[in-house]
Amino acid sequence: MPGKAPSATGQAHAATMKAVNGVNGSSSEQAGDTTFAERTPQGRLLAQRGLYAGPSSIVSKDLYAEVLEGVVTRRRHSIVLDPSARVTGNTYFGRFPASYWQRWTTVRQVRLDATVSGSGHLRLSASDVEGEPRIVAAQDFEDAKGVSVSLEAKIDKFLDGGALWLDLSTEAGETLTVERVRWTVDAPEKIRPTAVTICTMNRADDCMKNLEALAADVSSLETLDAIYVADQGNDRVDSRAGFEQVAKDLGDKLHYITQANLGGAGGFTRGLYEVAGHTETEHANVLFMDDDVLLEPDLVIRMTAFSNRAANPMIVGGQMLNLFHPNQLHVGAEYARLNTLEPGQPVEHSLSTADLLGVDEETGKPNRQERRLDAGYNGWWSCLIPYEVVKETGYPMPFFFQWDDAEYSYRARAHGFPTVTLPGAGVWHADFHWKDWDEWHRYFNLRNSIITAALHSPFNLNLLSRVLLAQLVRYLLGMQYGLSHTLIKAVEDFLEGPEILRDGGVSAMKAIKEIRDRYPETKRHDPTNVPGIASNDIGIINTAPRPSMQRLVLIKRIVDRALGRTRFGLGAIPTDEAHWWHVALFDTAVVTDANQEGVRVRKYDRARMIGLAKHGVKVINRLRKEGAAVQEQYKRAMPELTSRENWKRLYEL
């Protein structure tokens, strides 16, 4: 059982911590000058800032404020309207998510403060669940010179949906400058301390950019007490030229940790572990943040303020915008169909891959998330976890990565801690559909999804077996033999029981990479230099439409494959057309990777197909028969797997 056997990471270098305020090389139990304690607020609580430009030039300013008419100059912290201009803050980052504040916090009034110069009009506007606007407060100005203005709004008519925002306008001959826009609420009696945790693995440049972004805004991040960087790579963040300066700028807030690679679960959990070891209060927050995101630092303000005024402790998630398409929202809120191993399902009424500057095709209304949504879980690209949740439910599972975020949210919900995905708290992350499915990490996705289903779903083994068998058949028909073996290995390892999690996934990662290396189609090639195939001989052969009678087509493809019958000898297939019913027609298919960086060569191998099919059916049948007993093993082991003692062992402290 975990916690009793020696760690498989024992040959790796011991995890050490360097608090870059001058205490170097100390052990984790003593390291770090930050002691987390609640503090008395000084004035009102900043809930979010009114910003008019993003953190990068790739981000449209229309996500912050939209110019409806006239000439307007938008800067990060200020906006200037020339005569006869109109601007609305009814935008993704411009809106105050009043519906969420009314449902989940004790706040019933919000105040917008700003500094105004010149002449013009300010309108505090609101929407309802249908997006219909109304004005809740307004003020006009004439020849103002740095005048402080406050507009107040009750948070009392937003329970099912709606938001607040600031509109600005000028008439002929008027010029208006508005700056230092702040949304504030009454402060709680005590402010929760918050630590940001960034897990990184050989993405030193990406991590440095986010540290620099936090350092540049650190004076505004009043609720941020510490930043932990868990560096698990050999291309280390502290090797970068700018690290010394960013460490100086962040001062004793920054704590830099190096440790053996324990995946995302091990990296993020390290932040929870450190905060728990240095806190004087259970009312502390840990904000997980990916290393490769484009950060909007105001996210820290929005998420921590929401948590500080929440009626009860809860997980607060940030939203993901697509980095390659910066105007797109990945999803408004999501859940997982656990028993069928389907994460990332948009909840009812959620925006999904939505252009935030566009309109809904059906209604013609702008893509705004007016309706309040209940999330099942939130991805760890940005996710705030209160210490009360850790104290009650334990630490994350040592999954290495994949499904660790979903499992933790569903476990927390079972203990009375919901997950809220907060609109307007967003970071940009690489688009998921540009990531190839046929990679070694698919093993962890499958294995961990089955474990999560065993822990938090009815675990209908007949249904689960059908799902896995259907996946296996599709992979075999698509000549993805390495991916088929990946699936089989994931199921086999689940059946080994909780012992497979003893080393946090290190040996499993090595094993699956070795297995996949035996299969040629798992390797990526330059499209002009495909081994054994002349580049000019590879022409695109497009797919037919999706079959209307898929079951009959599936049977036909299986029979044809078993008999070795093919329609095409060689052809290229675009990634969005690489469906099983199309690929199964080829002897050799050159398929574009989802990331568009190369191609894979899938070649029909009857012996491998039949061998993997027999192996897979045998393993899935074992799952159907033995799964219930294995499920009980995981349930019994979960308290130990998620204990502080187990993670201390994994960190070799």
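# Pockets, cores and labels

Author: Let's start with a pocket: among the elements, strand β19 gives the most to the lining of the second largest pocket, with 3 residues. This is a predicted model, in which local features need pLDDT of at least 70 and side-chain atom pairs count only at pLDDT 80 or more, while totals for chains, interfaces and linings use all residues. Residues are numbered from 1 along each chain as its sequence is written, and side-chain values use heavy atoms, with hydrogens and water left out.

Reader: What makes this a pocket, and what makes a cavity?

Author: Both come from a 1 Å grid over the protein atoms alone: a cavity is a set of points where a 1.4 Å probe fits but cannot get out, a pocket is an open set with protein on both sides within 12 Å along at least five of seven lines, and lining residues have an atom within 4 Å of a point. The second largest pocket has a volume of about 670 Å³, a volume being the space filled by probe spheres set on the points, with grid points joined across faces, edges and corners. Its lining counts 23 residues, and Thr-363, Lys-365, Pro-366, Arg-368 and Glu-370 are the closest to its centre. β3 (66-69) and β19 (352-355) are the elements that give two or more residues to this lining. Such strands (E, at least two residues), like helices (H or I, at least four), are DSSP runs numbered from the N terminus.

Reader: How many charged residues does the lining of the second largest pocket have?

Author: There are 8 charged residues, beside 10 polar and 5 nonpolar ones. Asp, Glu, Lys and Arg count as charged, Ala, Val, Leu, Ile, Met, Phe, Trp, Tyr, Cys and Pro as nonpolar, and the others, Gly among them, as polar.

Reader: And how many cavities of 30 Å³ or more does the rule give?

Author: The count is 5. For the second largest cavity the volume is about 110 Å³. Gly-50, Tyr-52, Gly-89, Gly-94 and Leu-166 are the closest to its centre, out of 17 lining residues. The element giving the most to that lining is β9, with 3 residues, and the classes come to 12 nonpolar, 4 polar and 1 charged.

Reader: What makes the phi of Phe-400 worth a remark?

Author: Most residues other than glycine have a negative phi. Phi of Phe-400 is near 75°, a positive value in a residue other than glycine. Gln-402 also has a positive phi, near 80°. Phe-400 lies in the loop between α6 (387-393) and α7 (404-414), and Gln-402 is found in that loop as well.

Reader: How do you know that the length of helix α4 agrees with expectation?

Author: The expected span is 1.5 Å times one less than the number of residues. For the 15 residues of α4 (residues 263-277) that gives 21 Å, and the end C-alpha atoms are 21 Å apart, so the two agree.

Reader: Why is α4 described as largely enclosed?

Author: Of its 15 residues, 14 are buried, so the rest of the structure largely encloses α4.

Reader: Which residues touch the most other members of the largest nonpolar core?

Author: Leu-122 and Leu-211 do, in a core of 84 residues. A nonpolar core is a set of buried Ala, Val, Leu, Ile, Met, Phe, Trp, Tyr and Cys residues joined through side-chain atoms within 4.5 Å. Strand β7 (residues 109-127) gives the most to this core, with 7 residues. Apart from it lies another core of 58 residues, among them Met-397, Trp-403, Ile-451 and Ala-454.

Reader: What does Gly-344 touch, leaving out residues up to four places away in sequence?

Author: Gly-344 touches Glu-334, Tyr-335 and Tyr-377, where contact means heavy atoms within 4.5 Å.

Conventions
Buried means under 20% relative accessible area, exposed over 50%, partly exposed in between (1.4 Å probe, protein chains only).
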